[in-house]
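Here is a friendly walk through one protein model. Keep the structure open beside you as you read.

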Amino acid sequence: MATVEEIMTRHYDAAWANAQRFWPQVEKSKLSFDLTGSVAGMACYGQKLIRLNRAYCVAEPVDMVKDTIPHEIAHIIARAVWGFGIRPHGAEWRGVFTVLTGASANRCHNYGKPSEAIERTAARMLRDLQRG
């Protein structure tokens, strides 16, 4: 069985491959799972690194793939293309996010604390099991 890191890395690689169809000049960033606390993801421009919160990857995997990974990739691309003079969630970032996802951009997640997200996931799984 694949680990959450392996699953997220596969989705991350696919998201970057899609992004590089539009912005081939932007180098793919490295990926780490060392982020903690209430932040789901973080783009580190100077390090060419995207950090993900493993607890959220476990608790909210679909949202992490659908929203957080493209959110952070959009930060890297927007800064690489337009420089540091842009707002972090400004028009350039929103445009990149929309191209990547086909959806309107959300600035931040609303997962709650990782422990709350895990409790919600566990409760949802229990309900699904009880339904048969």
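The report below covers the model itself, then its core, its helices, its hairpin and its aromatic rings.

## About the model

This is a predicted model, in which local features need pLDDT of at least 70 and side-chain atom pairs count only at pLDDT 80 or more, while totals for chains, interfaces and linings use all residues. Residues are numbered from 1 along each chain as its sequence is written, and side-chain values use heavy atoms, with hydrogens and water left out.

Helices (H or I, at least four residues) and strands (E, at least two) are DSSP runs, numbered from the N terminus. Buried means under 20% relative accessible area, exposed means over 50%, and partly exposed lies in between, using a 1.4 Å probe and protein chains only.

## The nonpolar core

In soluble globular proteins, nonpolar side chains tend to be buried together. A nonpolar core here is a set of buried Ala, Val, Leu, Ile, Met, Phe, Trp, Tyr and Cys residues joined through side-chain atoms within 4.5 Å. The largest one has 26 residues, and Trp-16, Ile-73 and Ile-77 touch the most other members. Helix 1, strand 3, helix 2 (54-59), helix 3 and helix 4 each give two or more residues to this core. Helix 3 provides the largest share, 7 residues.

Contact means heavy atoms within 4.5 Å. Leaving aside residues up to four places away in sequence, Ile-77 touches Trp-16, Ala-19, Trp-23, Val-26 and Val-96.

Start with Tyr-12, which lies in helix 1. Tyr-12 counts as buried because its relative accessibility is 2%. Its contacts, not counting residues up to four places away in sequence, include Lys-28, Leu-31, Ile-50 and Ile-73. Tyr-12 and Ile-73 are 61 residues apart in sequence, yet 8.9 Å apart in space, C-alpha to C-alpha.

Now turn to helix 4, where Trp-93, Val-96, Phe-97 and Leu-100 are buried. Why do they lie on the same side of helix 4? They cover an arc of only 100° around the axis, taken from the directions from the helix axis to the C-beta atoms. Helix 1 (4-22) and helix 3 are among what covers the buried residues of helix 4. Just after helix 4, Gly-102 takes a positive phi of about 75°.

## The hairpin and the cysteines

Strand 2 and strand 3 run antiparallel and are joined by 4 bridges; strands pair if DSSP finds at least two bridges between them. They form a hairpin with 4 residues between them, and Lys-48 in the turn has a positive phi of about 50°. Cys-44 stands opposite Leu-49 in strand 3.

Is Cys-44 buried or exposed? Cys-44 is buried, because its relative accessible area is 13%. Cys-57 also counts as buried, at 1% relative accessibility. The structure holds 0 disulfides, a disulfide being a pair of cysteine sulfur atoms within 2.5 Å.

## A pair of rings

The structure holds 3 aromatic pairs. One of them joins Tyr-45 and Phe-84, edge-to-face, at 5.8 Å centre to centre with 85° between the planes. Rings of Phe, Tyr and Trp (its six-membered ring) pair if their centres lie within 6.5 Å; planes under 30 degrees apart count as stacked, over 60 as edge-to-face and the rest as tilted.

This pair links distant parts of the chain, 39 residues apart: Tyr-45 is in the loop between strand 2 (41-44) and strand 3 (49-53), and Phe-84 is in the loop between helix 3 (61-82) and helix 4 (91-101). Tyr-45 is partly exposed, with a relative accessible area of 24%, whereas Phe-84 is exposed at 61%.
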